[in-house]
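Subject: Handing over the structure

Hi,

Here is the structure I promised to pass on. Have a look at it first, and my notes follow below.

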Amino acid sequence: MIALALLIYWIVDNTVENLRRANIASGFGFLNGRAGFDPGQKLIQFTSDSTYGRALLVGFTNTMLVAVTGIFTATILGFIVGIGRMSNNWLISRLSLAYVELFRNIPPLLVIFFWYSGVLAVLPQARDAISLPFTMYLSNRGLAFPSPVFGDWAFLTFVAFIIAIVASVVLARWSSKRQMATGQTFPVLRSIAALVIGLPLLVFLATGAPLSFDYPVAGKFNLTGGSVVGPEFMSLFLALSFYTAAFIAEIVRAGIRGVSKGQTEAAHALGIRPSLTTRLVVVPQAMRIIIPPLTSQYLNLTKNSSLAIAVGYADLVALGGTILNQTGQSIEIVTIWIIVYLSLSLLTSVFMNWFNAKMALVER
Amino acid sequence: MRDGNERQQKKVLKMAKKILAALVGAAVMGIGTHGASAATLDDVKAKGFVQCGVNTGLSGFASPDASGNWSGFDVDYCKAIAAAIFGDATKVKYSPTSAKERFPALQSGEVDVLARNTTWTINRDTALGFNFRAVNYYDGQGFMVRKGLNVKSALELSGAAVCVQTGTTTELNLADYFKANNLQYNPVVFEKLEEVNAAYDAGRCDVYTTDQSGLYSLRLTLAAPDDHMILPEIISKEPLGPAVRQGDDQWFDIVSWVHYALINAEDFGITTANVEEMKKSPNPDVQRFLGVEADTKIGTDLGLGNEWAVNVIKAVGNYGEIFDRNIGAGSPLKIERGLNALWSKGGIQYAPPVR
C-alpha cells in the first residue's frame with residue numbers, strides 16, 4: 001500500500017515538475033473558455049461562442065447517441081442472427097453462419113471504413129439524391145428527412161403517451177398477480193397495444209392534430225430544411241451494430257444451446273405447446289446464460305464508439321482532441337475521457353447486473 | 001491440496017510486493033528521470049540526429065516518396081538544421097504528425113523542432129509553452145470550390161458544407177468568418193489531411209478550406225485538379241514557422257538563425273553552386289557570414305562550428321532556392337513568391353544582420 005502510494009506520488013510529482021518546466025498552464029479552468037469552433041454534429045444548442053465544457057457535453061451526447069442506438073440495433077440483429085443459426089432451414093442457418101464469421105473476424109475499424117468509404121461515400125451527390133418515400137433523400141451527404149414541427153398543444157400527446165405506458169405497467173402487474181391467484185388469463189398484449197397507441201392518438205386528434213413537417217428542399221449547395229443524419233453517424237452506427245451483432249448472435253446461440261434438452265422434453269411431456277415452451281421454459285433459462293456476456297458486448301460497443309474519429313464523427317474523443325489541441329491541456333482532457341468512459345461502463349454494468357439478478361433463477 | 005495452493009499464492013504475493021517496493025525505491029532515487037532536458041543541442045549531438053516533426057503528407061511542404069525519402073519546403077528546414085549542427089543534412093529523423101498530434105509531440109520532447117506549417121499565434125506562444133520567431137512562409141486562409149458551383153466569392157457560400165481539418169487555426173478562423181458575415185455552414189471535420197482530401201474529392205462537402213499554400217498543393221492531388229478553383233478571399237493571417245519548446249534559448253537561437261541564414265544568403269546572392277567561390281568574396285559581410293573572417297566566433301557563439309552557414313547553404317541552398325524547388329516556379333505547385341519575396345523585392349521576408 002505504501003509502495004503504491006509512493007509510486008503515485010512520484011508519478012504526480014514528476015508530471016507537475018515537467019509541466020512547470022514546459023511552461024504549460026494546468027487545471028480545469030480552461031473549460032470555461034470560448035470554444036471558437038463548430039462541431040460537425042450536435043444534439044444540443046451549440047455555437048462557436050459556447051464554452052469548451054459545453055463542447056465536451058456535445059461530444060458526450062453524440063457518444064451516447066451512437067452507443068444507445070447501436071446497442072439497441074445490435075441486440076435485435078444479434079438475436080435474429082443467433083436464432084437464425086439454429087434454424088432448420090439450411091439457407092438461413094448458413095447465411096447466419098457466414099454473417100457471424102465475416103463480421104467477427106474483421107477489425108471494427110475496417111467495418112467502419114467499409115460503411116463510410118465503401119457504401120455511403122459512393123452514393124450520388126446531393127443534387128442527384130435518391131428520392132425515398134415520405135420526402136426522404138439519400139445522398140453522400142447523408143439521409144435527409146422531414147423534421148416534425150410541433151404545435152401549441154402537442155405536449156399533451158406526449159403526456160398521454162407517458163400515462164399510457166404507466167397504465168400498461170400497472171395493468172401487466174395486476175394481470176400476472178391475478179393469474180397467480182386465480183389462474184385466469186387476461187389479454188394483456190392486446191390491451192397494452194390499444195392503450196399505448198389509442199390514448200395518445202385520441203389526445204392528438206382532440207387537440208386538433210398540432211403537427212406539421214419541415215420538408216427538405218434542394219438549396220444552392222445542399223438540401224435545406226428538414227433534418228439530416230450525416231454519413232459519419234450512419235457509418236459508425238451501422239458498423240458498430242453489425243460488428244457487435246455478430247458477437248451477440250454467438251452469445252444467444254450459446255445461451256439457448258446451454259439449456260439442457262431435458263427441459264424442453266419435460267415441458268412437452270407436460271403438454272405445453274412448443275411456442276409456450278420456448279417463451280416460458282427455454283428463454284428464461286437461456287437469459288441467465290446470455291446476460292453476463294451480453295454486458296461485456298455492450299461495454300465493448302460503447303468503447304468502440306471512440307473509433308468515431310476515423311470518419312470524423314464528433315464524439316467525445318474527437319471533440320476532446322480538438323480542445324486538447326487548442327488549449328494544450330492533455331492531462332486534463334485525458335482524465336475527463338477516462339472518467340467518462342469508466343463511469344459509462346460502470347453504469348452499464350450496474351444496470352445489467354440488476355437485470356441479471358432479476359432474471360436469475362430464484363431458488364425457493 | 002487447497003491449503004498448499006493458498007500458501008503458494010501468499011508466497012507469490014509477498015514476492016510481488018517486494019519487487020514493487022524495489023521498483024518504487026529505484027524510481028524515487030532516480031528523480032533525475034524528469035522529461036526532456038533543457039539543453040536540446042547537447043541531446044541532439046549526443047543522439048547524433050535531429051528529430052523533426054513534419055506534416056503527414058502535404059506535397060511541396062513535407063511528403064515521403066515511394067522509398068520513404070522525405071522532401072519538401074519544411075523538410076528542407078529540418079535538413080538545414082541538421083547541416084548547421086552536424087555538417088550533414090542526412091542526420092534527420094522525421095516524425096509525421098497530424099494537426100492534433102503535433103503539439104503534444106513537441107511538448108513531450110518526442111521531437112526537437114516542429115517544422116509543420118504551423119501558425120504562430122499568441123496562444124501557442126504562451127499557453128502551449130512554445131517559442132516562435134522565424135516565419136518561413138507568410139500564408140493566409142483561403143477556400144477552394146468546384147468550378148461547376150459558379151461561386152465567385154466566399155460571401156456566396158452560405159449553406160455550404162465545408163471540409164476542414166480539426167485542431168488547426170483554420171477551423172477557428174472558419175467559424176469566426178462565417179459568424180462575422182452571418183453565413184450558415186455545415187462543418188465536416190476530420191483529423192487527418194488525407195481524410196479531408198478524400199472527403200472533398202468524393203463530394204462530401206462543397207468547400208475545402210485551409211491555408212492557401214495548402215490548397216494549391218492539395219488541388220494537385222485531386223482526381224481532376226482543373227475542375228476546382230481557389231476563391232480570391234484570404235480570411236486570415238497565417239505566419240508559418242518552426243516551433244520549439246520554451247526554456248531553451250540556445251536551441252531557439254539555432255532554429256531561428258538557420259532561417260535567417262537562408263534569407264541572408266539569398267540577400268547576398270549565395271547559392272549552393274557558388275558558396276565555395278563566395279568564401280573568397282572581398283565583401284566583409286559575406287566573409288563574416290561564411291565564417292572565413294579571422295578569429296571569428298560566428299558559429300561558436302551559437303554552439304555550432306564557424307562554417308555552419310556554409311554547410312546549410314551547401315545542403316539546401318538559400319531561401320529562394322528552397323522556395324523555387326519545392327513550391328515555387330520550379331515545382332508543380334507554381335506558387336508566387338508574393339509576401340514571401342525578399343524585403344528588397346517587394347515582399348516581407350527580412351532577416352537581421354549577421355554581425
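Predicted model: local features only at pLDDT ≥ 70, side-chain atom pairs only at ≥ 80, totals over all residues.

Residues are numbered from 1 along each chain as its sequence is written, and chains are lettered from A and ligands numbered from 1 in the order in which they are written.

**The sheet in chain B**

Chain B has an open sheet of 5 strands in the order β10-β9-β11-β8-β12, with mixed pairing. (Helices, H or I of at least four residues, and strands, E of at least two, are DSSP runs numbered from the N terminus; two strands pair if DSSP finds at least two bridges between them.) Its edge strands are β10 and β12 (228-230) of chain B, each pairing on one side only. On average, neighbouring strands are turned by 30° against each other, direction ignored. β9(B) and β10(B) run parallel and are joined by 6 bridges.

Two helices pack on this sheet. α6(B) touches β8 (141-146), β9, β10 and β11 (207-211) of chain B, and its direction makes about 155° with that of β9(B). Helix α8 (residues 212-221) of chain B touches β8, β11 and β12 of chain B, at about 125° to the direction of β11(B). (Axes are lines fitted to C-alpha atoms, for helices over the stretch in contact, and angles run from 0 to 180 degrees between N-to-C directions. Residues are in contact if their C-beta atoms, placed from the backbone, lie within 7 Å.)

**Where the chains meet**

The contact takes 37 residues from chain B and 35 residues from chain A. On the chain B side, α1(B) gives the most, with 5 residues. The residues of that side divide into 19 nonpolar, 10 polar and 8 charged. (Ala, Val, Leu, Ile, Met, Phe, Trp, Tyr, Cys and Pro count as nonpolar, Asp, Glu, Lys and Arg as charged, and the others, Gly among them, as polar.)

**A helix pair in chain A**

The axes of helix α4 (residues 108-120) and helix α7 (residues 231-257) of chain A come within 8 Å and cross at roughly 135°. The residues in this contact include A:Trp115 of α4(A) and A:Phe242 of α7(A). By class, the contact has 13 nonpolar, 1 polar and no charged residues.

Best wishes
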